[in-house]
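Me: I would like to learn how to read this model. Please take me through it one feature at a time.

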Amino acid sequence: MNMRLSRLILPVAAASLLGACASPPKPNSYVALLESPDGSTGKVVVRGSKGEQVIDKAKTAAPLDGSQPAAAVSDEKLKQDFGAAMAARPLLPERYLLYFVSGGTVLTAESAALLPKIIASVTTRPGVDVSIIGHSDTVGKADTNAALALKRAQAIADLLKEKGMKATALSVESHGESNLLIKTPDETAEPRNRRVEVSVR
Amino acid sequence: MRYWVVLLGILFSLSINAADERSEPIGYVKTASGEAFVITAQNRTAAQPGTPVFLGSQLQTGAQGSIGVTFKDETVVSCGPNTELTIDEYLYQPSQGKLALVTNLLKGSLNYVSGVIAKLKPDAVAVKTPNGTIGIRGTQFVAKVEPEAKP
């Protein structure tokens with residue numbers, strides 16, 4: 001037997017012996033916090049029959065029954081337990097904001113230049129689904145704005161299809177004036193709120 | 001007579017609402033390998049990119065399987081082998097403030113990147129497990145449920 005193999009086997013054998021002696025065997029159910037894809041680190045709270053724990057540091061973990069506070073977890077253990085789940089993570093969604101020349105359904109030059117990027121992103125994704133969501137500012141009646149935002153979203157959908165975009169599923173929606181990017185009072189002209197969002201997943 | 005008409009009307013509209021929520025996919029499979037399935041209303045479908053996922057669906061993998069799903073609100077969920085994950089609650093209507101995403105990890109391993117629902121209404125997002133419930137404040141995390149060894 002070569003050295004490398006014995007080095008691998010001996011610790012495993014020792015661990016399984018220890019495991020056999022320890023009673024009762026510990027269930028290995030836990031949650032570990034990771035850094036988010038955007039580089040930030042959030043927070044999770046685990047509530048179990050044996051307590052509640054807050055985890056707010058990346059690469060720390062707590063048992064799902066809440067019995068112990070969060071403690072550091074090694075990269076090796078994370079890889080061993082979650083390598084397959086991590087490898088199966090889909091491409092992260094992308095979101096594009098498109099703006100219009102005032103009042104109508106004509107895109108600004110800057111936004112029109114984004115269309116090829118959107119189509120390229122859609123083309124590379126397996127099983128891709130796309131939402132096109134129209135938004136307005138708060139000038140005028142809510143109904144009128146909802147209708148205008150839908151008209152803009154539909155115009156973008158038509159344009160993208162015309163340019164050859166093919167998605168597994170496409171939804172065209174309107175959030176009217178109810179989902180403002182920039183919070184404003186009613187009856188406020190705000191060009192940044194007159195937009196269409198394209199979510200590529 | 002009028003009472004019955006009203007009652008029928010209510011039942012009819014309820015059934016339409018239920019049908020709407022059921023028939024609209026809430027996400028799609030993006031990655032699948034090995035034994036990977038989506039079970040919806042007792043129908044088990046071999047998962048592949050583009051397979052739709054509905055409220056109440058279960059993601060299931062075998063010993064060599066894995067699956068990745070992206071939901072409409074941009075929540076990204078992926079599972080390793082020997083996993084069962086059900087989607088118990090899903091509401092995504094930001095314009096009406098209707099937001100919820102509750103999944104249940106019965107066993108196996110999960111990688112979770114939270115999306116818009118967690119951003120807008122963190123209290124409405126949770127992962128249940130047989131051991132405890134994970135509450136999410138906009139983040140990426142992993143969770144593993146190993147069946148309790150019998151003494």
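Reply: Start with the fold of chain B. From the N terminus, its elements run α-β-β-β-β-β-β-β-β-β-α-β-β-β. Helices (H or I, at least four residues) and strands (E, at least two) are DSSP runs, numbered from the N terminus. This is a predicted model: local features need pLDDT of at least 70, side-chain atom pairs count only at pLDDT 80 or more, and totals for chains, interfaces and linings use all residues. Residues are numbered from 1 along each chain as its sequence is written, chains are lettered from A and ligands numbered from 1 in the order written, and side-chain values use heavy atoms, without hydrogens and water.

Me: How many helices and strands does chain B have?

Reply: Two helices and 12 strands.

Me: How do I read burial, and what percentage of chain B counts as buried?

Reply: Buried means under 20% relative accessible area, exposed over 50%, partly exposed in between (1.4 Å probe, protein chains only). Of the 151 residues of chain B, 52% are buried.

Me: Which residues of strand 4 of chain A are buried?

Reply: Strand 4 spans residues 60-63, and both its faces are covered. A:Thr60 and A:Ala62 are buried on one side, A:Ala61 and A:Pro63 on the other.

Me: How do I read strand pairing, and in which sense do strand 1 and strand 4 of chain A pair?

Reply: Two strands pair if DSSP finds at least two bridges between them. Strand 1 (residues 30-34) and strand 4 of chain A pair in the antiparallel sense, over three bridges. There, A:Val31 has A:Ala62 as bridge partner. Strand 4 of chain A also runs antiparallel to strand 5 (residues 71-72), joined by two bridges. A:Thr60 is bridged to A:Ala72 in strand 5 of chain A.

Me: What area is buried between chain A and chain B?

Reply: The size of an interface is often given as the accessible area lost when the parts come together. Buried area is that loss (1.4 Å probe), summed over both parts. Here it is about 3700 Å², with carbon and sulfur atoms giving 59%. In chain A, A:Leu64, A:Pro90 and A:Arg201 lose the most area to chain B, together 14% of what that side buries.

Me: How many residues does each chain bring to the contact?

Reply: Contact means heavy atoms within 4.5 Å. Chain A brings 51 residues and chain B 47 residues.

Me: How many salt bridges cross the interface of chain A and chain B?

Reply: A salt bridge is a side-chain nitrogen of Lys or Arg within 4 Å of a carboxyl oxygen of Asp or Glu. The rule finds four across this interface. A:Arg95 forms one with B:Glu74, their closest N and O atoms being 3.2 Å apart.

Terms used. Buried area = accessible area lost by both parts, 1.4 Å probe.
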